[in-house]
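Please look over the chain below.

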Amino acid sequence: MNHNDRPVFSGQRMVVEIDGQGDGPDGIAHVGDYVIFVAGVWIGERVEIELTKATRKYGRGRIVDLVRRSPHRVRPPCPVFERCGGCTWQFVDEVARGQRLRERVAAPLSYALGQPADRLPIRAAAMPPTPRHQRTKVALMLEAAPPPLYVRYGLYERGSQRVVPVETCLVADPSAEAAACAIAETIRAERLPIFDPRGSLDGYRAVVARAAPGTGERHVVVVASSAEVPGRAALVKRAESLGLTGLSLDVNDHPSALLNGQQSEVWMGMSRQRQVIGGVTYLSSPGGFFQTSAWGASHLVEVVRESVPRIEQGVLLDLYCGAGLLTLALADRAPTVVGLEGNPAAIADAEASAKVNQLDHVVFEIGAVERVLPAWAARGRLQNVKAVVLDPPRGGCLPDVLPVLIGAPSIRTVVYVSCDPVAFARDARVLVDGGFGLVDVRPFDMFPMTSHVEVVGVFQRA
Ligand SMILES: C[S@@+](CC[C@H](N)C(=O)[O-])C[C@H]1O[C@@H](n2cnc3c(N)ncnc32)[C@H](O)[C@@H]1O
């Protein structure tokens, strides 16, 4: 083998078969055991590529020519598909996307449980009625530009932090998008300072708008590198004229321009947004976590409600409950419902929502699940818990969590919500080894036209 043990070299052109699909946006080709990732290709395609990277471990190629197209290939509906970093699967049809989302869940689960995928109770991936307009949160990144443009706003370019101007995003809620664009336009019109990540200039970095399902309330957060940025009066005036229910500032001087909620200040209106999902009213702070897919949030609630049995006597526990989306939706499932969450701000939202819905038997506690749960078990507080819902962050549960559930014999049902099929599969193995049977697996398309898959797994104690 030449080129330092690589079968390929950077700049090389070759024709490859796409024989796999990565967990992210890329298709995969093999030269022997050597893996080459190619963006914008689908399994079964034959493509001519140029190697843009060839490390010892893997290569990366860009398409030069599509030699054999997938029958699922369609024209991407978005005009900035080639450049924008979002919606990387919009070049294939819904059938192909749904099949692949299901496979993304089935493959690691089959491997972790040592069973063929067709023997596992995995349903077809549920898809939204339309991929369009599902995202209720629209984040526009700001970048200084030469006059007369002055500021460029849009989404990040694929693989970089350069801004692609986007005024109409197919997957965005149009009312959130309109609010975000109007505030960004005001920043431009007022010549307000734009943060320069390479220099010392403080300024605005992003505009994040949320439209609330069920109420249409809109709240915008402007993200800036300092609390001292000028322009508050002009932005408040614009927010009022747009009829926004709130405008806030979020200070973030870290490399990532995303909201961090470390230091936020309400500039106008309400600090919380009201949303109605499945008949329950939720209050959420703009900087806190709340599901950002309109169909995805209501489908998640529906699936979890269908999966949790009614408990006549005893407690239902919702771990990693965030602002109580699932906890409150499950209020009618048990005489006592307890939500546990590490973020105090999310718990404040959840408690406010419980109050608004007059759900006195739904209570919330603050704490790290991996510390609180073992302490509750030691004090006998799990003896009356009959079912548990858990929706941990991407990495899944820390090692101390699932053994505590396994060791509490009163817990008969565990409903596990996950946004990472690999972490889900690993944790499913722990539950199955601990005596639970996997009875239902329901993948669904939380963020249409991306490789992201959400899954709900139902485990019953054997
Ligand atoms: C995927 S979100 C789920 C939220 C909620 N189920 C929902 O659908 O809106 C995960 C939540 O877990 C919380 N969290 C992360 N690590 C935690 C830990 N170790 N202990 C408690 N909560 C944690 C996060 O703050 C976040 O609210």
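Which helices each supply at least two residues of the shell around the ligand? Helix 5 (325–329) and helix 7 (369–378) do. Helices (H or I, at least four residues) and strands (E, at least two) are DSSP runs, numbered from the N terminus.

This is a predicted model, in which local features need pLDDT of at least 70, side-chain atom pairs count only at pLDDT 80 or more, and totals for chains, interfaces and linings use all residues. Residues are numbered from 1 along each chain as its sequence is written.

**Ligand shell.** There are 18 residues around the ligand. Tyr320, Gly322, Leu325, Gly342 and Asp391 come nearest. A residue counts as near if its C-beta atom, placed from the backbone, lies within 6 Å of the molecule. By class, the shell has 11 nonpolar, four polar and three charged residues. Here Ala, Val, Leu, Ile, Met, Phe, Trp, Tyr, Cys and Pro count as nonpolar, Asp, Glu, Lys and Arg as charged, and the others, Gly among them, as polar.

**Domains.** The assignment gives domain 1 (13–68), domain 2 (137–271) and domain 3 (277–461). Such bounds come from an automatic or database domain assignment. The centres of domain 2 and domain 3, taken over C-alpha atoms, are 32 Å apart. In the contact between these two domains, 15 residues of domain 2 meet 11 residues of domain 3. Contact means that the C-beta atoms of two residues, placed from the backbone, lie within 7 Å. On the domain 2 side, strand 10 (218–224) and strand 11 (246–251) are the elements that give two or more residues. Strand 11 gives the largest share, three residues. By class, that side has four nonpolar, seven polar and four charged residues.

**Two open sheets.** Strands of a sheet pair through backbone hydrogen bonds, either parallel or antiparallel. Two strands are taken as paired if DSSP finds at least two bridges between them. Axes are lines fitted to C-alpha atoms, for helices over the stretch in contact, and angles run from 0 to 180 degrees between N-to-C directions.

| Strand pair | Bridges | Residues facing each other |
|---|---|---|
| Strand 9 (204–211) and strand 10 | seven bridges | alanine 206 and valine 223 |
| Strand 19 (413–418) and strand 21 (454–461) | six bridges | threonine 413 and glutamine 460 |

**A helix pair.** How do helix 1 and helix 9 cross, left-handed or right-handed? The crossing is right-handed. A crossing is right-handed if the near helix is turned clockwise from the far one by less than a right angle, and left-handed if anticlockwise. The axes of helix 1 (94–113) and helix 9 (421–433) come within 8 Å and cross at roughly 35°. Residues of helix 1 in the contact include Arg104, Val105 and Leu109. Those of helix 9 include Pro421, Ala425 and Val432. By class, the contact has 11 nonpolar, no polar and three charged residues.

**Backbone details.** A cis peptide bond joins proline 147 and proline 148, with omega about 5°. Proline 148 lies in the loop between strand 6 and strand 7. Histidine 133 has a phi near 60°, a positive value in a residue other than glycine. Histidine 133 sits in the loop between helix 1 and strand 6.
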